[in-house]
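This report goes through a single protein chain, from its overall make-up to selected side-chain contacts. Please keep the sequence and the coordinates at hand while reading.

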Amino acid sequence: MFTRIFGKPKQEANTLTTLDKLNETLEMLEKKEKVLLKKAAAEVERAKEFTRAKNKRAAIQCLKRKRLYEQQIEQLGNFQLRIHDQMIMLEGAKATTETVDALRTGAAAMKAMQKATNIDDVDKTMDEINEQTENMKQIQEALSTPIGAAADFDEDELEAELEELEGAELEEQLLQPATTAPAAPVHVPAGRQPTRPASSKPTAEEDELAALQAEMAL
């Protein structure tokens, strides 16, 4: 168990140390390559000088040394390529290890949460909620049920009585005569009395007066 706990940090530290060592070696090879490039360029310049001085043998020796430097430069380039390849592989392996560790940690956390929330407990909780909801419905129905004298009333009889009242109200509205709107008041100037309009039908007094005149004429 202690190996599982302390092995991963140690392994990660070893990986980082290896990457640092490879990076240092790469920097050292790059520096040597720069030095050899300068030496090769210097041999070319010396060969040119010997050529101008008609010293062919010395110029050839300079070119030979230049070729040796170029071989070393090519070898250093191969070393750098291998180190780059190794660093890329280590970085990829490190990323893979970290990803796997993260997934393993997530799986362990999920397993712990599932253990804390058992499916049986969830089902039990849902059953309790449903039972409490049903009990509340029954309580509300019991509270809304009429009690005492109101419980003896027949709903059908009350509906019939209401229909009779509505029918009587409608019949009463139909039997009432239509009311005429009151005439608008007529404005009369001061000092003048309004003239009564002639009635289209004789009034009761006029009928009595006409009958009395007829009797007097006889």
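The sections below cover model confidence, fold, salt bridges and a surface patch.

## Model and confidence

The model is predicted. Over the chain, pLDDT averages 79, and 72% of the residues score at least 70.

Where pLDDT is low, predicted coordinates should not be read in detail.

## Fold and surface

The chain has five helices and zero strands. In sequence order the pattern is α-α-α-α-α. Among contacts in the chain with a separation of 6 or more, 74% are between residues 24 or more positions apart.

Of the 218 residues, 9% count as buried. The accessible surface of the chain is about 19700 Å², and carbon and sulfur atoms contribute 58% of that area.

How many salt bridges does the structure hold? The count is six. One of them pairs Glu43 with Arg46, whose closest N and O atoms are 3.7 Å apart. This pair counts as a salt bridge because the cut-off is 4 Å between a side-chain nitrogen of Lys or Arg and a carboxyl oxygen of Asp or Glu.

Glu43 and Arg46 both belong to helix α1 (residues 2-52), and their spacing of three residues is about one turn of the helix. Is Glu43 buried or exposed? Glu43 has a relative accessible area of 6%, so it is buried. Arg46 has a relative accessibility of 37% and therefore counts as partly exposed.

Lys66 and Glu70 form another salt bridge, with 2.8 Å between the closest N and O atoms. Both residues lie in helix α2 (residues 56-116), four residues apart, which is about one turn of the helix. Lys66 counts as buried because its relative accessibility is 15%, under the 20% limit. Glu70, at 36%, counts as partly exposed.

Helix α2 also holds Arg104 and Asp101, which are three residues apart, again about one turn of the helix. Their salt bridge has its closest N and O atoms 2.8 Å apart. Both side chains are partly exposed: Arg104 has a relative accessible area of 42%, and Asp101 has one of 23%. Elsewhere, salt bridges with shared partners join Glu43, Arg46 and Arg65 into one network.

## A nonpolar surface patch

Which residues make the nonpolar surface patch of about 350 Å²? The patch is made by Ile119, Val122, Met126 and Ile129.

Ile119 is located in helix α3 (residues 119-144). Its relative accessibility is 54%, so Ile119 counts as exposed, the limit for that class being over 50%.

Key
Residues are numbered from 1 along each chain as its sequence is written. This is a predicted model: local features need pLDDT of at least 70, side-chain atom pairs count only at pLDDT 80 or more; totals for chains, interfaces and linings use all residues. Side-chain values use heavy atoms; hydrogens and water are left out. Helices (H or I, at least four residues) and strands (E, at least two) are DSSP runs, numbered from the N terminus. Buried means under 20% relative accessible area, exposed over 50%, partly exposed in between (1.4 Å probe, protein chains only). Patches are made of residues with over 30% relative accessible area and no salt bridge: like charges are joined within 9 Å, nonpolar side chains (Val, Leu, Ile, Met, Phe, Trp, Tyr) within 5 Å. Accessible areas come from the Shrake-Rupley method with a 1.4 Å probe; for residues, only the protein chains shown count as cover. Contact means heavy atoms within 4.5 Å. pLDDT is the predictor's confidence in each residue, from 0 to 100.
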